[in-house]
Each structure stands twice: as structure tokens, then as C-alpha cells.
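Take a moment to turn the model around before reading on.

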Amino acid sequence: MSKRLAGQVAWISGGASGIGESTARLFAMEGANIVIADVTDATGQQVAGEISSNGGKAVYSSCDVSDSDSVARSIEATVQQFDGLNIVVNCAGIVHVGLLHEYSEADWDRLMGVNLKGIYFTLKHTFPHLSRNERSYIINVGSISSLVGQRATPAYTTSKGAVLSLTQSIALDYAAAGLRCNCVCPGITDTPMLRKHLNSTPDPDATLQQRVRRVPTNQAMQSDDVARTILYLACEDSAGVTGTSIVVDGGYLAAAEWDTADD
Ligand SMILES: NC(=O)c1ccc[n+]([C@@H]2O[C@H](COP(=O)([O-])OP(=O)(O)OC[C@H]3O[C@@H](n4cnc5c(N)ncnc54)[C@H](O)[C@@H]3O)[C@@H](O)[C@H]2O)c1
């Protein structure tokens, strides 16, 4: 069977860890040339090295998505190395836990810079290259908090709501250029980001168990689950799908109330 991304070039922000890492590995197995764009150089290089040793093609690019010049350099290097660009996955993200009145202005700006402004910078610097293709794809990683509120993470929730709005705007403004833009909204997903958050609670395993009781499938998503949906949106399997979101949450948002312990 032919590989779904044969010959495609994919730039993946946040590709050194979690959902972005799984996406990089999956895309490489599907034949894409991968650029892992991240701020964690050692792990990014390690992931790229492992993909290459397993027969894939991947390079690491040190890139802070909240810095326009850094994104511009990373995209230029990508295009030089692989002679084009077809797929952009905006997966880089950070969380800041706290009540809004306790936020510093720097906390707010940092989070918005990575989670939201980074997508603007990426579009700005990738579009001149994407527009040369008959078809190209942008997949933004939102969250279930793109669609509902979540406590003690006001900037994160705001940023993820805006990621969905920005996805719709990009889809409309660039549809005529052959670009499809969609958003994937993961629920509770077992990644280093989630683990870091859980580790800030007194009993991380108990906290996870308690969170997962709210999920009808009674389990956290794995980053591979989310990566497979990103793949669907990064190829013609999803022809005609643009300006929308796919929720990967084990049924979390389908239930107004749920406690698996009641089953
Ligand atoms: N894990 C979850 O439960 C969950 C749920 C919903 C949405 N998400 C979203 O999924 C995406 C990936 O999260 P994850 O859980 O895999 O987290 P993760 O922490 O494992 O991975 C995030 C990656 O983004 C990178 N990154 C952070 N700041 C960056 C910057 N300025 N420039 C470039 N890269 C940067 C990190 O170094 C890291 O490699 C995020 O956008 C997150 O908000 C995660």
C-alpha cells in the first residue's frame, strides 16, 4: 500500500514531545520528510535521530514559535533542506495554572505568544511556500477547552478558544489557494505536559484516576490517538474538510455529567 504522505514535507512545532512527537513519528512512517521545530534541542535532536535511524527522514530545527524571526529562520531552513513545504502542524503549547488576578502580564503574554501568536507567525512565514502547492494543510492543535471552560487556566482556555476561531479564519481566507486548515481538540491526553501538571498535585496517580472518571471511555487519550486524527487532516483522506474541528476526547464533551464509578 502506498504511504499516505509520500514525498510530502511536514513542519511540526512542539514535535519534540507528546502529541507533536507522536505526529512526527507517524508522519515519518507515512513517508513524509519531517522538521521537528521545538525549543528543547536535546530531545528534539534525539527524536529526529531515532526517526532517521528507523529509516525515516527527519531533522530538528531549534525554533521558538513566539518569536517571528525564529519561525522565519526555521521555515527558510526547511524549504532549503527539503525543497518545499506541504503540511504545517501547530502543536507547540504551554499551560499556566492560576487565577487571572494572580497572573503577571508576562505570564499572560508568554502563554498567548506560544499558543496563539505562534500560529500567526507560522502562517505568515509558511504561506508564501504553501501557496506554491496545489494542495496544502495546516492543522492547529486546540483542546477541549477550545469549546468549554476549564478552571484555573484562563489564558490557556482563552488561547485555545482563539485557536479554533483562527482556524476558521485561515480556512476561509486561504481556501482558494488550495489550503485546508483544521483544528484537532484533544481531551485528557497522557503526555509530559499532563504528567507535569499532575506532578504538581499531592497524589498524581489519584488525580489522574479522578480526572479519567469524567471520561466515558474511562481512559486518558494516548498521544498516538491524537496523531492519527492529525494525519487524517493532513492528507486527502479528509478532502473537503476545512475550517472545522475534530474532538478526540473519549466522549468527555458528549456528557453533561459523567462519573464512570457510577457504572
Ligand atoms: N496533554 C493534554 O492533555 C492536552 C489536551 C488538550 C490539548 N493539548 C495540546 O496539545 C499540544 C501538545 O501538548 P502535549 O500534551 O503533547 O505537551 P508536551 O509538553 O509534551 O509538548 C509540547 C511541546 O511544545 C514545545 N514548546 C513549548 N513552547 C514552545 C515554543 N515557544 N516554541 C516551540 N515549541 C515549544 C515543548 O518544548 C514541547 O516539546 C499543546 O498545544 C497542548 O495545549 C494537550
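Helix α1 passes helix α8 in a right-handed crossing, meaning that the near helix is turned clockwise from the far one by less than a right angle. Helices here are DSSP runs (H or I, at least four residues) and strands are E runs of at least two, numbered from the N terminus. This is a predicted model, where local features need pLDDT of at least 70, side-chain atom pairs count only at pLDDT 80 or more, and totals for chains, interfaces and linings use all residues. Residues are numbered from 1 along each chain as its sequence is written.

The axes of α1 (residues 18–29) and α8 (residues 223–233) come within 8 Å and cross at roughly 55 degrees.

Now find the ligand: 29 residues surround it, and the closest are Gly14, Gly18, Gly93, Thr191 and Met193. The cut-off is a C-beta atom, placed from the backbone, within 6 Å. Both α1 and α6 (192–199) supply at least two residues each to this shell.

Next, the loops. Most residues other than glycine have a negative phi. Aspartate 83, though not a glycine, has a positive phi of about 65 degrees, and its place is in the loop between α3 (68–82) and β4 (87–90). Asparagine 218 has a positive phi too, of about 60 degrees, and lies in the loop between α7 (204–212) and β8 (221–222).

How values were computed
Axes fitted to C-alpha atoms, helices over the stretch in contact; angles between N-to-C directions.
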